[in-house]
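The points are numbered and can be read in any order.

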Amino acid sequence: MRKFIFIIVLFLGAAFVYLSFGELQTILQTLRQWNFWFVLIALIVQFGWFTVAGLTFRSLYNVLGIDETVYKLSLLSAAANFVNIVAPSAGMGGMAIYISNAHKRGLSRGKITVASMLYIFLDYIAFMVVLTLGLIVLFRRNDLNASEIAASTIIFAIAAALGFLMYLGSRSALALGNALAWMARIVNRAADPFIHREYLSEARAYEFARDMAGDLKSLPERPRSLVIPLLYAFANKSLLMGVLVSVFLAFQVPFTAGTIIGGFAISYLFLIVSPTPSGIGIVEGVMPLALSSLRVEWSQAVLITLAYRGITFWIPLGVGAFALRLLEREKVTIPKVEI
C-alpha cells in the first residue's frame, strides 16, 4: 500500500506538469534571456529557502523537545510542499508527511501537529508584516483596490482563526475539541449533498485536540522560545524577495524597495487565497498587474513574473518530487491523503 500511494502521488505530480506544460514551456523560453550570473544567484537564494524551512522546523522541534537534523527536515519540507501542490488538501497532505516520519521514529503525533501548526501560524505573521508594508506602498501610490483589500482580509481572518484555535488548545483540550467538532459539523453539512457521508469525524476532532493540548499548554510558559522560529519565518520571506530582486537585476529592470515589497506582497497574497494549487494561473495574471501598477513596464512585468514563478514554483515542485523519492527510499511511510 505504501508503494502504491507513493506511485499515485508521483503520478499526480506528472499529470500536473503535463497539464501545465504550456506555461512551463513559456517560462523556459523566458529563462533563455536571463543574465547567467543573476540566474545563479536566484537559484542559490531559492535553495537557501529550503534550508531555512528546515531550520524553522528544527527550532520548533527543539521547543517541543524533539531532535531532528536540518537535512531531514528540509527534505520533509520539500516533500510536503510537493504533496500540497499535486494533491490539494488544505495543507493536511503535507502535514501527514511529518506525522508519518514521526510515527516511524515513535514520536508524539500531537507534538508534530503542534509544530506544523506553529510553522503555518508564524509564516502568516511574517507575511502579514510584509503584506501591511505592501498595502501601504500601494495606498501611497493610489493603486490599492477592492480585490486586494478583500484578499488581505481573508488572510488576516485565517491567521486570527488559527491563532484562536491554538489559544483554545493552550487553555483546554475540551474547548479546542468543541471548536474542531463544530467546524467538522459545518464541513459535513456542506459536503453531505455531494458525498452523502460524514467527511470529517467529530470523535477524531476530540482525539486530535487531546493530542495537541498538552504541548500547546507549555508554550505560554516559554513564549521567548518562539522568537528564533519567528526570525526564521521573516528570513523565509526575505529570501523570496531576494529571488525577486535577482530577477529584476537579471533583466536590468530598475526597481525600488517599494516595487519589491509591493510586488511580492500581492503575488504571495493571491498565491495563498487562490483556489488553484499554489496560485497556478492566478499569480501569473495578478503579478504583472501589480508590478505594472508599481511603474514597471507591462512587457517587463510579464517577463519578471514568468521568471520568478519558474524559480519559486517549478523548481520547488521538482525538488519536492526528488525529496519524496529520497524519503521513500529511507522507508518513510507515505501516508494516504484525501484528494
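What covers the buried residues of α11? The points below begin with that helix and then move to the rest of the chain.

1. The covering of α11. The model is predicted. In it, the cover over the buried residues of α11 includes α6 (109-140), α7 (146-171), α10, α12 and α13. The helix is mostly covered, with 12 of its 17 residues buried. Among those buried residues are Gly258, Thr259 and Ile260, and the list also includes Gly262, Gly263, Phe264 and Ala265. Ile266, Ser267, Tyr268, Leu269 and Phe270 of α11 are buried as well.

2. The length of α11. With 17 residues at 1.5 Å a residue, α11 should span 24 Å.

3. The chain overall. The protein chain has 13 helices and zero strands. Read along the sequence, its pattern is therefore α-α-α-α-α-α-α-α-α-α-α-α-α. Of its 339 residues, 49% count as buried. Among contacts between residues at least 6 apart in sequence, 77% join residues at least 24 apart.

4. Aromatic pairs. The structure holds nine aromatic pairs. One of them is formed by Phe57 and Tyr98, which are stacked, at 4.4 Å centre to centre and with 25° between the planes. Phe57 lies in helix α3 (residues 36-63) and Tyr98 in helix α5 (residues 92-105), so this pair ties together parts that are 41 residues apart in sequence. Both Phe57 and Tyr98 are buried.

5. A second pair at Phe57. Phe57 and Tyr119 also form a stacked aromatic pair, with 4.4 Å centre to centre and 15° between the planes. Here the link runs between distant parts of the chain, from Phe57 in helix α3 to Tyr119 in helix α6, 62 residues apart. Are these two residues buried or exposed? Phe57 has a relative accessible area of 2% and Tyr119 one of 17%. Ring pairs link Phe57, Tyr61, Tyr98 and Tyr119 into a cluster.

6. Ser116. This residue lies in helix α6. Its relative accessible area is 6%, so Ser116 counts as buried. Which residues is Ser116 in contact with, leaving aside its neighbours within four places in sequence? They are Phe57, Met95 and Tyr98. Of these, Phe57 and Tyr98 belong to the ring cluster described above.

7. The cavity. How many cavities of 30 Å³ or more does the count give? The count comes to one. The largest cavity has a volume of about 40 Å³. Its lining is made up of Thr56, Tyr119, Asp123, Tyr232, Ala233 and Asn236. The elements that give two or more residues to this lining are α6 and α10. The largest share, three residues, comes from α10. By class, the lining has three nonpolar, two polar and one charged residues. Tyr119, a lining residue of the cavity, is also a member of the ring cluster.

8. Positive phi at Gln252. Most residues other than glycine have a negative phi. Gln252 has a positive phi of about 55° although it is not a glycine. Where is Gln252 placed? Gln252 sits in the loop between α10 (227-250) and α11 (257-273). With a relative accessible area of 67%, Gln252 is exposed.

9. Positive phi at Arg295. Arg295 is not a glycine either, and its phi is positive, at about 70°. The place of Arg295 is in the loop between α12 (283-293) and α13 (298-329). Is Arg295 buried or exposed? Its relative accessible area is 65%, so Arg295 counts as exposed.

Note on methods:
Residues are numbered from 1 along each chain as its sequence is written. This is a predicted model: local features need pLDDT of at least 70, side-chain atom pairs count only at pLDDT 80 or more; totals for chains, interfaces and linings use all residues. Side-chain values use heavy atoms; hydrogens and water are left out. Helices (H or I, at least four residues) and strands (E, at least two) are DSSP runs, numbered from the N terminus. Buried means under 20% relative accessible area, exposed over 50%, partly exposed in between (1.4 Å probe, protein chains only). The expected span of a helix is 1.5 Å times one less than its number of residues. Contact means heavy atoms within 4.5 Å. On a 1 Å grid over the protein atoms alone, a cavity is a set of points where a 1.4 Å probe fits but cannot get out, and a pocket is an open set with protein on both sides within 12 Å along at least five of seven lines; lining residues have an atom within 4 Å of a point. Grid points are joined across faces, edges and corners, and a volume is the space filled by probe spheres set on the points. Ala, Val, Leu, Ile, Met, Phe, Trp, Tyr, Cys and Pro count as nonpolar, Asp, Glu, Lys and Arg as charged, and the others, Gly among them, as polar. Rings of Phe, Tyr and Trp (its six-membered ring) pair if their centres lie within 6.5 Å; planes under 30 degrees apart count as stacked, over 60 as edge-to-face and the rest as tilted.
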